[in-house]
Amino acid sequence: MATISKGSAARPTTTEGAAYVEVPLENATPKEQKSSRHKKCHIKKLLSEAALFFALLLIVGAIILHTRQKSHFGRMNIGRGTKLKQQQKENVTDIILPLEVVTAPAVALSTELVNEDCLECIAATITGNKPGMCGKSPCGIYRIYRPYWQDAARTVQAAGVEDYESCVLNSDCAAAIVRGYMKTYPVDCDGDGVIGCKDHIMLHLLGPTGCVTNPLKAIFQTRMDECLRVKAFE
């Protein structure tokens with residue numbers, strides 16, 4: 001049987017088969033209690049420091065591993081990105097079709113010059129070949145409005161072209177403005193594949209958009225048809 005001494009917290013016994021007997025701390029002497037608490041605090045401190053040190057090692061190791069992996073993955077991504085771009089270029093090259101296949105057939109337009117006969121038909125259609133008025137201002141036999149003149153004047157080199165009021169009343173300057181407008185807007189108004197005098201007349205009256213979408217008024221249509229017949233444009 002184990003024998004317990006009054007002055008010790010735990011001692012080995014001489015009885016065979018019993019190695020150690022622990023005495024409750026409350027039964028130990030104050031000195032033994034203090035020593036036991038000190039040992040426990042020291043052990044806890046050591047365990048805390050060891051845990052903190054281990055945690056720091058894990059953090060440092062994780063940072064080092066992450067840095068190495070990031071560099072490695074970056075190289076992988078760059079390589080994959082370059083490879084992907086090369087594949088995309090190859091794919092684009094593979095799907096390029098012959099020019100004659102991907103290009104829509106163009107309409108071959110033949111543009112007739114605005115000659116003197118066509119100018120006479122323009123004037124005959126718009127004013128009956130008589131000086132006309134644009135609002136309250138005279139604007140010649142072609143009835144050239146200011147916006148029309150502004151569009152054409154940028155590309156026309158003629159004497160007096162910079163002065164709207166004098167230009168539209170001068171036959172040569174006005175004719176140059178009309179030709180400049182037709183050159184600025186080469187529109188196939190009737191959609192027959194040829195830009196001819198009929199297109200020039202319609203363009204002069206209706207503008208580059210209106211001549212495609214809107215018909216001429218009856219009086220203008222009659223005048224135009226008659227002049228084109230007489231001048232042998234039709």
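Of the 38 residues in the largest nonpolar core, which touch the most other members? They are Ile122, Tyr142, Ile144, Ile177, Val178 and Met182. This is a predicted model: local features need pLDDT of at least 70, side-chain atom pairs count only at pLDDT 80 or more, and totals for chains, interfaces and linings use all residues. Residues are numbered from 1 along each chain as its sequence is written, and side-chain values use heavy atoms, with hydrogens and water left out.

**Confidence**

- The chain has an average pLDDT of 76 (the predictor's confidence in each residue, from 0 to 100). A score of at least 70 is reached by 65% of the residues.
- Residues 1-21 have pLDDT below 50. Beyond near neighbours in sequence, this stretch makes 25 contacts in the model (heavy atoms within 4.5 Å).
- Residues 89-108 also stay under 50. The model gives them three contacts beyond four places in sequence.
- Where pLDDT is low, the predicted coordinates should not be read in detail.

**Nonpolar core**

- A nonpolar core is a set of buried Ala, Val, Leu, Ile, Met, Phe, Trp, Tyr and Cys residues joined through side-chain atoms within 4.5 Å. Buried means under 20% relative accessible area, exposed over 50%, partly exposed in between (1.4 Å probe, protein chains only).
- The largest core has 38 residues. At least two residues each come from helices H3 (116-127), H4 (146-153), H5 (164-169), H6 (171-184), H7 (197-213) and H8 (218-230). Helices (H or I, at least four residues) and strands (E, at least two) are DSSP runs, numbered from the N terminus.
- H6 gives the most to this core, with eight residues.
- Ile144 touches Cys134, Cys139, Trp149, Tyr164, Val168, Ala174, Ile177 and Val178, leaving aside residues up to four places away in sequence.

**Disulfides**

- The whole structure holds five disulfides (pairs of cysteine sulfur atoms within 2.5 Å). With the bonded cysteines of the chain numbered in sequence order, the pairing reads 1-8, 2-10, 3-4, 5-6, 7-9.
- Cys118 is joined to Cys197, S to S 2.2 Å. The link is right-handed, with 105 degrees about the S-S bond. Cys118 lies in helix H3 and Cys197 in helix H7, so the pair ties together parts 79 residues apart in sequence. Cys118 counts as buried at 0% relative accessibility, and Cys197 counts as buried at 3%.
- Cys121 is joined to Cys227, S to S 2.0 Å. The torsion about this S-S bond is about -85 degrees, so the disulfide is left-handed. Distant parts of the chain are linked here: Cys121 in helix H3 and Cys227 in helix H8, 106 residues apart. Cys121 is buried at 0% relative accessibility, and Cys227 is buried at 11%.
- Cys189 and Cys211 form a disulfide with sulfur atoms 2.1 Å apart. This link is left-handed, at -75 degrees about the S-S bond. Cys189 lies in the loop between H6 and strand E6 (194-195) and Cys211 in helix H7, so the pair ties together parts 22 residues apart in sequence. Cys189 and Cys211 are both buried.

**Second largest pocket**

- On a 1 Å grid over the protein atoms alone, a pocket is an open set of points where a 1.4 Å probe fits, with protein on both sides within 12 Å along at least five of seven lines; lining residues have an atom within 4 Å of a point.
- The second largest pocket holds about 180 Å³ of space. Grid points are joined across faces, edges and corners, and a volume is the space filled by probe spheres set on the points.
- Its lining includes Ile126, Tyr142, Arg143, Ile144, Tyr181 and His204.
- H4 and H7 are the elements that give two or more residues to this lining. H7 gives the most, with four residues.
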